[in-house]
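Here are a few notes to get you started with this one. Have a look at the structure first, then read through the points below.

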Amino acid sequence: DWQNVINIAIFFSSSLLAVVCSRWEGQLSQKLKDDAEELEQRSEFYISHMKCWRKLELDQVKTKHQILRQKLRDLINHLNRLR
């Protein structure tokens with residue numbers, strides 16, 4: 001009967017997990033702490049990278065606006081001279 005086989009497999013895997021967790025609790029705990037620290041460092045790096053990238057994008061937009069404003073001023077001056 002497949003239902004009994006599945007139940008036995010679930011019981012075996014949960015028992016194996018309990019044995020692993022109890023036997024190597026210290027190593028597993030340290031691994032989880034190391035992984036958490038690495039994720040924290042990576043998230044800090046990602047946030048700082050995104051801040052720098054966004055600042056660069058804003059600077060590019062600001063520069064484009066300044067150039068367009070100057071071109072508009074030049075065009076207005078040129079049209080005023082033509083009148």
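1. Let's start with a charged pair. Arg 54 is partly exposed, at 47% relative accessibility. Its salt-bridge partner is Glu 57, with the closest N and O atoms 3.2 Å apart. Glu 57 counts as partly exposed too, at 27%. Both sit in helix H2, 3 residues apart, so about one helical turn separates them. Bear in mind that this is a predicted model.

2. Overall, the protein has 2 helices and 0 strands. Its radius of gyration is 32 Å, well over the 12 Å that the globule rule gives for 83 residues, so the protein is more spread out than a compact globule. The C-alpha trace spans about 95 × 35 × 5 Å along its principal axes, and buried residues make up 0% of the chain.

3. Back to the salt bridges: the structure holds 3. Another one joins Asp 35 and Lys 31, at 3.1 Å from N to O; these two are 4 residues apart in helix H2. Lys 55 also pairs with Asp 59, their closest N and O atoms being 3.3 Å apart, and again about one turn of helix H2 lies between them.

4. Now for the nonpolar side. Tyr 46, Ile 47, Met 50, Trp 53 and Leu 56 make a surface patch of about 510 Å². One of them, Ile 47, lies in helix H2, which covers residues 25–82, and is partly exposed at 46%.

5. Last, the charges as a whole: there are 14 positive and 11 negative ones, and their mean positions are 20 Å apart.

Terms used:
Residues are numbered from 1 along each chain as its sequence is written. This is a predicted model: local features need pLDDT of at least 70, side-chain atom pairs count only at pLDDT 80 or more; totals for chains, interfaces and linings use all residues. Side-chain values use heavy atoms; hydrogens and water are left out. Patches are made of residues with over 30% relative accessible area and no salt bridge: like charges are joined within 9 Å, nonpolar side chains (Val, Leu, Ile, Met, Phe, Trp, Tyr) within 5 Å. Accessible areas come from the Shrake-Rupley method with a 1.4 Å probe; for residues, only the protein chains shown count as cover. A salt bridge is a side-chain nitrogen of Lys or Arg within 4 Å of a carboxyl oxygen of Asp or Glu. Buried means under 20% relative accessible area, exposed over 50%, partly exposed in between (1.4 Å probe, protein chains only). The radius of gyration is taken over C-alpha atoms; the globule rule is 2.2 Å times the number of residues to the power 0.38. Lys and Arg count as positive and Asp and Glu as negative; His and the chain ends are not counted. The place of a charge is taken as NZ of Lys, CZ of Arg, CG of Asp or CD of Glu.
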